[in-house]
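Try each one on the structure first, then read the solution.

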Amino acid sequence: MKKLLLMFSLIFFLSGCSLVRVQEQSYEEIVKDVLTPNFTLKNVSSEGYSYYLPKGVLLKKNQTFNSVLYYNHRKMYLYVDALSYYHKVESDYQSDENNYYSLKIDQNGKQGYLEITQISTKYFVEFMYHYSKIEAYVEAEDLKKTITQMAYILNSVQFQDAVLSTLIGDQTLDHNEENFNIFKPKRDDEIFLDYGEQDQDSSSDIKDEDRLEVEDKVE
């Protein structure tokens with residue numbers, strides 16, 4: 001009975017009905033609360049891994065290891081580093097006190113970081129956890145709820161070891177996709193996301209989110 005109540009509570013939260021409570025939490029509290037072990041929900045399958053998209057997050061483009069998501073009229077870019085997972089590369093992230101926000105994550109035996117950089121009137125969020133990373137530009141008032149959704153997605157990533165062993169062993173992974181070091185935040189580097197494109201997307205491509213079509217398999 002307790003397990004059923006816990007599952008219903010989780011579904012209720014993921015539906016977006018209790019995101020109001022998130023606004024009262026700190027970024028670190030959100031990370032600790034959401035990144036829980038044994039999260040098994042999934043509704044998107046890709047080559048060698050799967051993950052869960054909460055209600056309100058839409059999948060627009062799904063390449064092998066790079067995907068484009070939409071949440072709250074903004075693009076989010078998801079990157080999955082299967083090679084680093086396969087070879088068990090460890091993160092050497094160092095917090096940056098000079099940045100708007102910087103948090104090193106070491107939870108449930110998995111590593112990552114949350115870094116927020118203020119750019120003009122918006123904020124560039126880089127959230128990396130368990131060999132996966134999500135990036136997005138967001139408004140100040142949307143930071144906490146966006147980070148919450150990012151955390152659910154990253155926490156849900158499940159790698160399929162047998163599949164990856166075959167792909168990497170046979171060298172059939174698609175190396176033509178955009179690849180970069182997810183363990184290294186952008187900071188003073190050139191920002192990967194195009195700021196002007198984001199503003200244009202928010203007023204054109206995303207006018208009717210309900211009509212966005214998924215370009216790859218969603219379970």
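This is a predicted model: local features need pLDDT of at least 70, side-chain atom pairs count only at pLDDT 80 or more; totals for chains, interfaces and linings use all residues.

Residues are numbered from 1 along each chain as its sequence is written, and side-chain values use heavy atoms, with hydrogens and water left out.

**Exercise 1. The whole protein**

Work out how many helices and strands the protein has, and what percentage of its residues is buried.

Step 1: Go through the secondary structure and you get six helices and ten strands. Helices (H or I, at least four residues) and strands (E, at least two) are DSSP runs, numbered from the N terminus.

Step 2: Of the 219 residues, 49% are buried. Here buried means under 20% relative accessible area, exposed means over 50%, and partly exposed is in between (1.4 Å probe, protein chains only).

Step 3: Now take the contacts (heavy atoms within 4.5 Å). Among those between residues at least 6 apart in sequence, 61% join residues at least 24 apart.

**Exercise 2. Two helices side by side**

Describe how helix H2 and helix H4 are placed relative to each other.

Step 1: Find H2 at residues 27-34 and H4 at residues 143-156; their axes come within 9 Å and cross at roughly 25 degrees. The axes are lines fitted to C-alpha atoms, for helices over the stretch in contact, and angles run from 0 to 180 degrees between N-to-C directions.

Step 2: Pick out the touching residues. H2 brings Tyr27, Ile30 and Val34, while H4 brings Leu143, Lys144, Ile147, Thr148, Ala151, Tyr152 and Asn155.

Step 3: Sort them by class, and this contact of H2 with H4 has seven nonpolar, two polar and one charged residues. Ala, Val, Leu, Ile, Met, Phe, Trp, Tyr, Cys and Pro count as nonpolar, Asp, Glu, Lys and Arg as charged, and the others, Gly among them, as polar.

**Exercise 3. The buried side of H2**

Which residues of H2 are buried, and what do they pack against?

Step 1: The buried ones are Tyr27, Ile30, Val31 and Val34.

Step 2: Look down the axis of H2: these buried residues fall within an arc of 95 degrees, so they line one face of the helix. The arc is that of the directions from the helix axis to the C-beta atoms.

Step 3: Their packing partners are strand E6 (101-107), strand E7 (110-119), strand E8 (122-129) and H4.

**Exercise 4. Residues and their neighbours**

Are Gly112 and Ser132 buried or exposed, and what do they touch?

Step 1: Gly112, in strand E7, is buried, at a relative accessible area of 1%. Leaving out residues up to four places away in sequence, Gly112 touches Leu103, Lys104, Ile105, Met128 and Tyr129.

Step 2: Ser132, in strand E9 (residues 132-138), is buried too, at 0%. Leaving out residues up to four places away in sequence, its contacts include Leu78, Phe127, Leu154 and Ile182.

Step 3: For a further try, go to Asn181, in the loop between helix H5 (161-169) and helix H6 (195-203). Asn181 is partly exposed, at 42%, and its C-alpha lies 9.9 Å from that of Tyr79, 102 residues apart in sequence.
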